Amino acid sequence: MKNPNNMAGTEAKLDTKDHTLTQCLRQAHAMGLVRVDAQMLLLHTVGRPLHDRAWLLAHDHESLTPAQQATWQAALQRRLGGEPVAYITGQKDFFGLNLAVDARVLDPRPDTETLVEWALATLPPPHAASPSWRILDLGTGSGAVALALQHARPDAQIWAVDTSEDALAVASANAQRLQLPVQFVHSHWMDALAGPFELIVSNPPYVADQDPHLTALRHEPIKALASGIDGLDDIRLIIAQAPSRLASGGWLLLEHGWDQAQTVQQLLRESGFGQVQSRQDLAGVDRCTGGCFESER
């Protein structure tokens, strides 16, 4: 299968005649698009929910209107230029929530659900007599992690931080639309917060500045992706700040790159964290690493 990121100069063109849904999907395939991407773009074009692929099968011989053909062609060209499907459709499903996303924030990845699942596993069962757990999400972007946690645990108090005011605007709008009471704070990591928190989670930038894969991610905000020569500058800072913001016995959970688990484990141990361990993503790669901090205060 051809890579859509390298297809901007393809010779395949859209006909100006009417196209059935089946013909549109065949056309997208000939141009090198992955089938699931083409299906979501086509559903977006005709105003259907992005998960309603069965509808495409039931209406495969229906034709697009001229306006829909123009929308479909524009969507195809944007995807062939490497733009994420989520930016083209303006939405992304994450942990059962439909989020509005655009180029101001990262496109939420399914692998980040590993971070949410682990975070939820560290929380005690909700109980009317127990105090509300305080959770901090660092680098919230679209609000994906914080909103997923708040939706799953309405009893928790959740703060979400980002250094980008644009990102906070996206996250706040998502929270308002989903009616989830996450509190958003403009801050460089934990500079504006004192804690204590029982749980700190983060999907920070972790790509090396010169990593060649950044070219394929050129449509996404670079500040949310790259972090120094080895990609670990922000993770080091978060680990350094976390002990003074965690309650005794609190956990710090971090998403990181596919080859960074051992280094992150070492950084956590050097900062006094115990029970240091990693969790695997959908591909079986160590994607998140965390530890528990036992404070003497």
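Colleague: What should I know before I start?

Modeller: The model is predicted, so local features need pLDDT of at least 70, side-chain atom pairs count only at pLDDT 80 or more, and totals for chains, interfaces and linings use all residues. Residues are numbered from 1 along each chain as its sequence is written, and side-chain values use heavy atoms, leaving out hydrogens and water.

Colleague: What is the order of the strands in the open sheet?

Modeller: Strands (E, at least two residues) and helices (H or I, at least four) are DSSP runs numbered from the N terminus, and two strands pair if DSSP finds at least two bridges between them. Here seven strands go E5-E4-E3-E6-E7-E9-E8, with mixed pairing. At the edges sit E5 (183–186) and E8 (274–280), each pairing on one side only.

Colleague: How many bridges join E8 to E9?

Modeller: Five, and the two strands run antiparallel. Arg-279 has Cys-288 in E9 as its bridge partner.

Colleague: Which strands does helix H8 touch?

Modeller: Contact means heavy atoms within 4.5 Å. H8 (residues 165–178) packs on the sheet, touching E4 (157–162) and E5.

Colleague: Is Thr-45 buried or exposed?

Modeller: Buried means under 20% relative accessible area, exposed over 50%, partly exposed in between (1.4 Å probe, protein chains only). Thr-45 has 9%, so it counts as buried. Thr-45 lies in helix H2 (residues 35–45). Leaving aside neighbours within four places in sequence, Thr-45 is in contact with Leu-64, Gln-68, Thr-71 and Trp-72.

Methods. Axes are lines fitted to C-alpha atoms, for helices over the stretch in contact, and angles run from 0 to 180 degrees between N-to-C directions.
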